[in-house]
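The entries are in the order in which I made them.

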Amino acid sequence: MNEKKIAETRVETIHLVRPEHLNDAGRLFGGVLMQWMDEIAALAAMQYYEGNVVTGTVDSLIFIKGASKGDVVPLTAQVTYTGRKSIEVKVEVHVRHLNGRMELINQAYFVMVALPKEEGAPVCLPRLILETKEEKQEWENGSLRAILRKERRADQF
């Protein structure tokens with residue numbers, strides 16, 4: 001099993017907000033944005049695992065600001081923490097303004113569950129290499145989030 005650097009899991013997609021993406025208030029519909037986020041989280045997890053994944057949970061989905069018709073919306077995702085079969089992915093969403101300035105409008109942590117590559121085979125996740133101070137801090141924070149998720153499951157929340 002190959003080790004992976006966090007940088008190797010980084011994925012970026014870009015969307016143009018079109019009329020069919022808008023809610024009745026003329027803003028980007030939250031469900032559309034969540035779909036885009038779920039897709040990029042899966043792509044980042046698959047960059048790391050090189051197998052199929054499914055969404056297990058979404059933590060800290062924060063709508064900071066909206067987006068409007070014609071806005072360019074870049075999304076970035078990268079693995080931040082891994083468990084035995086789970087892969088935490090941080091997703092950030094920005095609006096790119098005409099002057100090039102990027103503004104954060106949403107972020108969340110998706111937990112993707114790695115599926116066995118063959119029926120009945122165990123899931124073996126590669127070791128994640130932490131290189132920077134920020135990556136190590138994200139890993140520590142991810143470890144705390146994993147504990148909180150386990151506590152919520154125990155409480156049937």
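Below are my notes on pockets, rings, backbone angles and contacts.

**Ground rules**

I am working from a predicted model, in which local features need pLDDT of at least 70, side-chain atom pairs count only at pLDDT 80 or more, and totals for chains, interfaces and linings use all residues. Residues are numbered from 1 along each chain as its sequence is written, and side-chain values use heavy atoms, with hydrogens and water left out.

**Entry 1: largest pocket**

I looked up pockets on a 1 Å grid over the protein atoms alone; a pocket is an open set of points where a 1.4 Å probe fits, with protein on both sides within 12 Å along at least five of seven lines. Lining residues have an atom within 4 Å of a point. A volume is the space filled by probe spheres set on the points, which are joined across faces, edges and corners.

The largest pocket comes out at about 410 Å³. I found 17 residues in its lining, and Ser86, Val111, Arg149, Lys150 and Arg153 lie nearest the centre. Helices (H or I, at least four residues) and strands (E, at least two) are DSSP runs numbered from the N terminus. On that basis β3 (53-63), β6 (102-114) and α2 (133-154) each supply at least two lining residues of the largest pocket. The largest share is that of α2, with seven residues.

I then sorted the lining by class: Ala, Val, Leu, Ile, Met, Phe, Trp, Tyr, Cys and Pro count as nonpolar, Asp, Glu, Lys and Arg as charged, and the others, Gly among them, as polar. The largest pocket has six nonpolar, five polar and six charged lining residues.

**Entry 2: second largest pocket**

The second largest pocket has a volume of about 210 Å³. Its lining holds 16 residues, with Arg10, Thr76, Gln78, Lys90 and Glu92 nearest the centre. Two or more of the lining residues come from each of β4 (72-82), β5 (86-96) and α2. I note that β4 gives the most, six residues. By class, the lining of the second largest pocket has five nonpolar, five polar and six charged residues.

**Entry 3: rings**

How many aromatic pairs does the structure hold? I found one. Rings of Phe, Tyr and Trp (its six-membered ring) pair if their centres lie within 6.5 Å; planes under 30 degrees apart count as stacked, over 60 as edge-to-face and the rest as tilted. The ring centres of Tyr81 and Trp139 are 4.5 Å apart and the planes stand at 55°, so I logged the pair as tilted. Tyr81 is in strand β4 and Trp139 in helix α2, so the pair ties together parts 58 residues apart in sequence.

For accessibility, buried means under 20% relative accessible area, exposed over 50% and partly exposed in between (1.4 Å probe, protein chains only). Tyr81 is buried at 15%, and Trp139 is partly exposed at 25%.

I also looked for charges over rings, where NZ of Lys or CZ of Arg must be within 6 Å of the ring centre and within 35 degrees of the ring normal. The charged end of Lys117 sits over the ring of Tyr49, 4.9 Å from its centre. Arg145 lies over the face of Tyr109, 3.6 Å from the ring centre.

**Entry 4: Glu138**

Is Glu138 buried or exposed? Glu138, in helix α2, is buried at 16% relative accessibility. Contact means heavy atoms within 4.5 Å. Leaving aside neighbours within four places in sequence, I find Glu138 in contact with Thr80, Lys90, Tyr109 and Arg145.

**Entry 5: positive phi**

Most residues other than glycine have a negative phi. Glu50 has a positive value near 60°; Glu50 is in the loop between α1 (30-49) and β3 and is exposed at 53%. Ser60 also has a positive phi, about 55°, although it is not a glycine. Ser60 is in strand β3 and is partly exposed at 42%.

Ala108, in strand β6, is buried at 0%. Ala108 and Ser60 are 48 residues apart in sequence and 5.1 Å apart in space, C-alpha to C-alpha. Not counting residues up to four places away in sequence, Ala108 touches Met37, Val58, Asp59, Ser60, Leu61, Val89, Lys90 and Val91.

Gln156 lies in the segment after α2 and is exposed at 75%. Gln156 and Tyr48 are 108 residues apart in sequence and 30 Å apart in space, C-alpha to C-alpha.
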